[in-house]
Amino acid sequence: MRHVHVASRRRVIQSVEANGARIPIVGLGTWDLRGKTCARMVEAALKLGYRHIDTAAMYGNEEAVGAGVHDSGLKRDEVFVTTKVWQSDLAPRDFERSAKDSLAKLKLPFVDLLLIHWPNPSIPLAGTIGALCKMKRDGLARHIGVSNFNPALIEEAVKLTTEPLVCNQFECHPYLDASKAIAATRKRGMAVVAYSPIARGRIKGDAVLTRIGKAHGKTAAQVCLRFLVQQDIVVIPRTSDTGRLKENFDLFVFALSAAEMNEIAALGSPKGRIVQWSGSPDWE
Ligand SMILES: NC(=O)c1ccc[n+]([C@@H]2O[C@H](COP(=O)([O-])OP(=O)(O)OC[C@H]3O[C@@H](n4cnc5c(N)ncnc54)[C@H](OP(=O)(O)O)[C@@H]3O)[C@@H](O)[C@H]2O)c1
């Protein structure tokens, strides 16, 4: 995995390269954004210079995300769009139907990245991975990957797949020590994509992040996101506010020192997950 800079019409965008994919290091998360707000935020993000949008069948917003992408006026190859197939649709036929439905809603001929959203222990992974690979071979997805896979599941998926898996998307922010999941993902050359990268807004007002931010003329959220991108971790913060959209993208004109990075890393605990429900896999 390595860091690259891709020249775009507007600016240089930092990307993470992994197993043949080049993933823009900052994307817009869209969970919970709906309808016109969602379309407007996607379009505004792309006009600001974002080149990566994260959605999922489960978010119920793919029509709006697609509308925002189309309204941005960018060419198809200038935007990196990720979608995901939900846990209930991991049997091969359901998987294929879900992926095709997503493309129809997005009004796109293919997505850049298609992910298994959450593992489902009651559906054999071999069939799901087979369907995921077929989507790539059929040209419906440029790249494929997984989400919420723990180290054991990553190994299982890598053994089963016939196409490269380019990322594992999981919860990652300064309050969570996700080092085991990060190491297991990178061991297989896959990119780490951090969801809930600003801990669903909880970092706001954090004493350490705010103090470090002051020294750089940046906000706690920017320090939090910089902490991740400085480790080559892709971040997909979500916001419904155009001011914060700009703030969350402005991460490249400053750098954190080794001492600052260590201080932020010390905020993390293995029990710091926010996104928890009965289907959450253990990271161990
Ligand atoms: N694969 C998965 O299972 C999975 C699970 C969860 C999330 N995701 C993806 O990851 C994306 C991001 O995660 P998330 O939505 O859970 O949480 P997040 O991006 O960590 O946090 C979003 C929250 O932070 C606030 N916020 C945004 N920018 C801010 C800033 N600069 N300062 C202070 N507060 C700020 C937002 O409020 P405002 O809207 O008011 O700005 C919102 O309430 C999702 O949208 C989704 O695309 C994937």
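Biologist: Which residue lies over the face of W31, and at what distance from the ring centre?

Modeller: A charge is said to sit over a ring when NZ of Lys or CZ of Arg is within 6 Å of the ring centre and within 35 degrees of the ring normal. Here R200 lies over the face of W31, at 4.3 Å from the ring centre, and R226 lies over the face of F254, at 5.9 Å from the ring centre. Please keep in mind that this is a predicted model, in which local features need pLDDT of at least 70 and side-chain atom pairs count only at pLDDT 80 or more, whereas totals for chains, interfaces and linings use all residues. Residues are numbered from 1 along each chain as its sequence is written, and side-chain values use heavy atoms, with hydrogens and water left out.

Biologist: How should I read the sheet, and in what order do its strands stand?

Modeller: Strands of a sheet pair through backbone hydrogen bonds, either parallel or antiparallel. Strands and helices are DSSP runs numbered from the N terminus (E, at least two residues, for strands; H or I, at least four, for helices), and two strands pair if DSSP finds at least two bridges between them. In this structure eight strands form an open sheet in the order β4-β5-β6-β7-β8-β9-β10-β11, with parallel pairing. β4 (28–29) and β11 (234–235) stand at the edges with a single partner strand each, so one side of each has no neighbour in the sheet.

Biologist: How many bridges join the strands around β7 and β8, and which residue stands opposite K84?

Modeller: Five bridges join β7 to β8, which run parallel, and within that pairing V111 has A141 of β8 as its bridge partner. Strand β6 (residues 80–85) is joined to β7 by four bridges, again parallel, and K84 stands opposite L115 in β7. Strand β8 (residues 141–147) is joined to β9 by three bridges, also parallel, with S147 opposite Q169 in β9.

Biologist: Are the residues of strand β7 mostly buried or exposed?

Modeller: Buried means under 20% relative accessible area and exposed over 50%, with partly exposed in between (1.4 Å probe, protein chains only). In strand β7 (residues 111–116), six of its six residues are buried, and in strand β9 (residues 165–171) seven of its seven residues are buried.

Biologist: Which residues have the most contacts inside the largest nonpolar core?

Modeller: A nonpolar core is a set of buried Ala, Val, Leu, Ile, Met, Phe, Trp, Tyr and Cys residues joined through side-chain atoms within 4.5 Å. The largest one has 95 residues, and F95, L114 and I116 have the most contacts inside it. Helix α8 (residues 220–229) gives the most to this core, with eight residues. If neighbours within four places in sequence are left aside, L114 is in contact (heavy atoms within 4.5 Å) with residues including V85, F95, L132, M135 and I144.

Biologist: Turning to charges, how many salt bridges does the structure hold?

Modeller: Side chains of opposite charge can pair when their charged atoms come close. With the criterion of a side-chain nitrogen of Lys or Arg within 4 Å of a carboxyl oxygen of Asp or Glu, the structure holds 16 salt bridges. One of them joins E96 and K100 at 3.0 Å, N to O; these residues are four apart in helix α3 (residues 92–106), which means that about one helical turn separates them. E96 is buried, at 19% relative accessible area, whereas K100 is partly exposed, at 43%.

Biologist: Which parts of the chain does the salt bridge between R188 and E155 tie together?

Modeller: The closest N and O atoms of R188 and E155 are 2.5 Å apart. R188 lies in the loop between α6 (179–187) and β10 (191–195), and E155 in helix α5 (residues 151–160), so the pair ties together parts that are 33 residues apart in sequence. R188 is partly exposed, at 34% relative accessible area, and E155 is buried, at 19%.

Biologist: How many aromatic pairs are there?

Modeller: Rings of Phe, Tyr and Trp (its six-membered ring) pair if their centres lie within 6.5 Å, and planes under 30 degrees apart count as stacked, over 60 as edge-to-face and the rest as tilted. By this rule there is one aromatic pair: Y50 and F249 are stacked, at 4.5 Å centre to centre with 20 degrees between the planes. The pair links distant parts of the chain, 199 residues apart, with Y50 in the loop between α1 (35–48) and β5 (52–54) and F249 in the loop between α9 (242–247) and α10 (258–265). Y50 is buried at 0% relative accessibility, and F249 is buried at 11%.
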